[in-house]
Amino acid sequence: MCAGQETEVCIPLGERSYAIHIGSGLLRDARSFRGLSGDAAVIVSNDCVAPLYAPVLRAQLQPHF
């Protein structure tokens with residue numbers, strides 16, 4: 001994948017379908033979080049990845065919930 005290139009993977013679940021976006025810099029890009037709705041979000045991670053990305057993800061999710 002080249003810098004700035006984004007890949008979208010569609011998860012077909014009928015009315016619950018959603019897309020996963022894969023690319024560099026998406027976590028810090030507020031546009032990645034447009035259209036979020038719901039009452040809560042859950043971050044699923046592990047002890048190696050969470051310290052690297054969870055704080056930024058929490059900050060990006062905060063305005064939506």
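This is a predicted model: local features need pLDDT of at least 70, side-chain atom pairs count only at pLDDT 80 or more; totals for chains, interfaces and linings use all residues.
**View 1. The largest pocket and its lining.** Let's start with the open space: the largest pocket holds about 710 Å³. Of the 27 residues lining this pocket, L27, S32, F33, L57 and L61 are the closest to its centre. Two elements, β2 (18-23) and α1 (50-61), each give two or more residues to the lining. Helix α1 supplies the largest share, with five residues. Sorted by class, the lining has 18 nonpolar residues, alongside five polar and four charged ones. If you wonder how such space is found, rolling a probe the size of a water molecule over the atoms shows where empty space is left.

**View 2. A nonpolar patch on the surface.** Here you can pick out V9, L13, Y18, I20 and I22, which form a nonpolar patch on the surface. Together these residues have about 400 Å² of accessible area. Strand β2 gives the patch three residues, the largest share.

**View 3. The salt bridge between D29 and R31.** The structure holds one salt bridge, and this view shows its partners, D29 and R31. Their closest N and O atoms are 2.8 Å apart. Side chains of opposite charge can pair when their charged atoms come close. Is R31 buried or exposed? R31 counts as exposed because its relative accessibility is 55%, and the cut-off for that class is over 50%.

Note on methods. Residues are numbered from 1 along each chain as its sequence is written. Side-chain values use heavy atoms; hydrogens and water are left out. On a 1 Å grid over the protein atoms alone, a cavity is a set of points where a 1.4 Å probe fits but cannot get out, and a pocket is an open set with protein on both sides within 12 Å along at least five of seven lines; lining residues have an atom within 4 Å of a point. Grid points are joined across faces, edges and corners, and a volume is the space filled by probe spheres set on the points. Helices (H or I, at least four residues) and strands (E, at least two) are DSSP runs, numbered from the N terminus. Ala, Val, Leu, Ile, Met, Phe, Trp, Tyr, Cys and Pro count as nonpolar, Asp, Glu, Lys and Arg as charged, and the others, Gly among them, as polar. Patches are made of residues with over 30% relative accessible area and no salt bridge: like charges are joined within 9 Å, nonpolar side chains (Val, Leu, Ile, Met, Phe, Trp, Tyr) within 5 Å. Accessible areas come from the Shrake-Rupley method with a 1.4 Å probe; for residues, only the protein chains shown count as cover. A salt bridge is a side-chain nitrogen of Lys or Arg within 4 Å of a carboxyl oxygen of Asp or Glu. Buried means under 20% relative accessible area, exposed over 50%, partly exposed in between (1.4 Å probe, protein chains only).
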